[in-house]
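Reader: I'd like to learn how to read helix packing and ring contacts in a model. Can we go through one together?
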Amino acid sequence: MEHVNSMQSDLETDKNKVEKKLEVIESVLIKYLTKFVFFLLAAMSLTIVYSVITRYFFNSPSGYAEELLRYSLVWLGLIGAALCCSGNKHLSLPILFDKCTPRTQRWFTMLNAALIISFGVLMSIGGFDAVIKNQGLITPMLKVAMGTLQLAVPLCGVLIVVTRVLYVIRTLGWNRETLIEAGTIFSGLVALFYSFTFFQSTEIYELLVSEYLELSSTIVLFSIFFTLLVMNTPIAIGLAFSGIITLSLQLDFESLPAVIGEKMFSGLDSFGFLALPFFILAGNIMNQGGIARRLLDMAILVGRRVPGNLWQANVIANMLFGSLSGSAIAASTAIGGIVSPMAKEKGYDEAYTTAINAASAPTGMLIPPTGVFIMYSLITGGSASIAALFLAGYIPGLIMGLCVMIAAYFYAVRKNYPTDKSPYNLSETAIVLGRALPSLSLIFIVIGGIIGGVFTATEGSGIAVLYSIILGVFYRSLNLKKMVTILSESATMSAVILFLIACSGLMSWAMTFANIPEIIGELLLSASENKYIIFLLINITLLIVGIFMDMTPAMLIFTPIFYPIVTSLGMSPVQFGVMMTYNLAIGIVTPPVGTVLFVSCSITNQKVMDVVKPLLPIFAMQIIGLLLITYFPFFTMFIPSLFGM
C-alpha cells in the first residue's frame, strides 16, 4: 500500500513539474508577444506622426510610410490575436456558459479550444500556401516579397495553436481527464468532418446545393454561427467557421485553407483601418488622470442650476469624454467613478445614478471622433464618407444624451432634490473653462481637419495620438511607465477588433458568394411593400441583436445584410450608419450582455436588476429618438448638408 501511495505521489510530482514548466513557457511566450505588439504599435505611432509632419510641414508625403503602416497593421492584428488566445480576451457570449455546471464548463472550454486550434491549423496551412504562392510578387515601395509579408498568417496560426494548448493546460490541468476530454472532442470533430464528406456524396446534398443553394447557404451560415455563439466560442472564430462551412458547400476542402490564408491577410490590408488602433491609443492616453475631472468640472458648471445637477453633469461629461476616448466603457468608468461618490455623499439614489451613467456613456460613440463610423465607412466600401458620418453623428448623439437628461430631470423633481442657485462667478468660470479647453481642442482639431479636407481620418488619428501625448505631458499625467502600459493595452484592444474584422471578412465573402444579402432582402421586401415598416423591422432586429452581441461584431455581420436593402429603399448610407450605431449603442447597456451596464454597476456596487427599473423609461425615450433618426433624415443629414456632403 505504501508503495502504491509512493508511486501516486511521484506521479503527482511529475505532473506538477510538467505544469510548472509549461506555465514558464507560456509566460515567456506571452512576455515576448506583448513586447512585440508594444514595439510594433509604438513604431507605427512614430511612423504616422512622421508621415503627417513630412506631408504638412515639408510638403513631401512618404509612400514608404503608408506601405509600412499597412503591413504593420496586418501583423499587429494577427500576432496580437494570437496573444489574446493566451486568455479569454477575444469577445464571446457567455450567457449559457455561466449557467452551466463546472463539469459542463470544462467540456465547453475544451470544445472551444479544439475549434480555435483547428482554425489555427487551417490558418497555418493556408498561410504557408499563400507565402509560397506570392513569394515572387514585390511591393512597389518597400521592395519586399509579398510572401514574406504574408508570413504573419501562418505564424499567427502556429501561435494560436501553441497559446491555446498552453491555456487549456493551465486552466484544466495536465492530467488524464484533460487528455481523455481532448481525445473525445477531437475524435468527435473528425467524425463530424467525415460524416459531412459522406453526406456530400448523397443525392439529397446534390439536390440542396444545385436547386436550393442560396437557401441552404443562408441556413447553414446562421445556424452554425449562432450555435457557436451559444457555446461561448469566441465571436471571431464563430464568424470564421460559419463562413468556412458555408463556402464548403461550393468549394472543395483542398482549396479552403488557401482561401482562409488569402482572406485573413487581405481583410486587414487597408490603410483606412489604421485609424482604429490610433484612435484607441489616443483615447487610452486621454483616459489618464486629470482629463475626466476637468471635463466633469465644466459639465457641473453648465448644468448646476438644473434639478439633479450632478446627474446632468454626468450626462454632459460622458458626452464630452466619450467623444474624446471613443469608448463607452472608458467614459462610464472615468466619469462614473468620479460622480458616484459625489452623488452618494449628496444623497442621490444610487440605482438611478448608475442607470444615468450607463445610459449616457454610449453617446460618445455617436459624437465624433469615433472609430465606429470609420469602421462602418470601410465596411460599405467608402460609400458613406467618414467626414459626412462625423458631421451626421452630432445631433443623434445629443438626442441620445438629451433623452437621459430629461429622464434625470423628472427623477430629480420627483425625489425633490435641491438645485444649486448660487450665482456664476466670472473668474471661477474662466478657470474651469480654461482647464477643460485644451482637452476639448482635440475635437476641433481632428474633426475640423477631416471635414475641411486638410487631412484624412487616418492622419487625423495620428494627430490625435500626438496631441494626446502632448496633453498628457502638459497635465503631468503621463510618464514612460504609463506609456508602456497604454501601448500594450491599446495593441491588445486593437488586435481583438482587427481579428474580428479579418474573420468577418470570411463570413462576408461567404455571404456574397452565396447571395445571402439578396435572399434576406427579398424576405424583408416580401414582408411589406411599405419602406417604413421595413425600417421598423430592421430596427427591431438590431435592437434584439444588440441585447446579445457587442457593437463591433454586430456591425460587421449585419451591415452587409441590411445596407443594400435600406439604400435600395432610398435611405442615405450616412443616415443608415448613424441609425445603426445609435441602435446598437442602446444594446451595449442592456442585459444580459450589456458591458457598459455591468461596468457602471461595478462602480456603484449596485445589482443589475435594481438598475434595470430606472433604465426602462430612459430606453423608451431613446427608442423614440431612434425612430426620429430613422424616419426623419433631417436629424442626421442637416449638418452634413450645410457642408455640402
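Reader: At roughly what angle do the axes of helix α16 and helix α28 cross?

Author: A quick word first: this is a predicted model, where local features need pLDDT of at least 70, side-chain atom pairs count only at pLDDT 80 or more, and totals for chains, interfaces and linings use all residues. Residues are numbered from 1 along each chain as its sequence is written, and side-chain values use heavy atoms, with hydrogens and water left out. Two packed helices are described by the angle between their axes and the distance between the axes. Here α16 (residues 350–360) and α28 (residues 608–631) cross at roughly 40°, with axes that come within 8 Å. Helices are DSSP runs (H or I, at least four residues), numbered from the N terminus. Axes are lines fitted to C-alpha atoms over the stretch in contact, with angles from 0 to 180 degrees between N-to-C directions.

Reader: Which residues of α16 and α28 meet?

Author: Contact means heavy atoms within 4.5 Å. On α16 you'll find Ala351, Tyr352, Thr354, Ala355, Ile356 and Ala359, and they meet Asp610, Val611, Pro614, Leu615, Ile618 and Gln622 of α28.

Reader: How close do the axes of α13 and α20 come?

Author: Within 9 Å: α13 (residues 291–303) and α20 (residues 426–451) cross at roughly 130°.

Reader: How many aromatic pairs are there?

Author: Rings of Phe, Tyr and Trp (its six-membered ring) pair if their centres lie within 6.5 Å. The structure has 23 such pairs, and ring pairs join Trp311, Tyr348, Tyr352 and Tyr411 in a cluster. Tyr352 also takes part in the contact of α16 with α28.

Notes. Helix = DSSP H or I, 4+ residues; strand = E, 2+ residues; numbered from the N terminus. Phe/Tyr/Trp six-rings, centres within 6.5 Å; stacked < 30°, edge-to-face > 60°.
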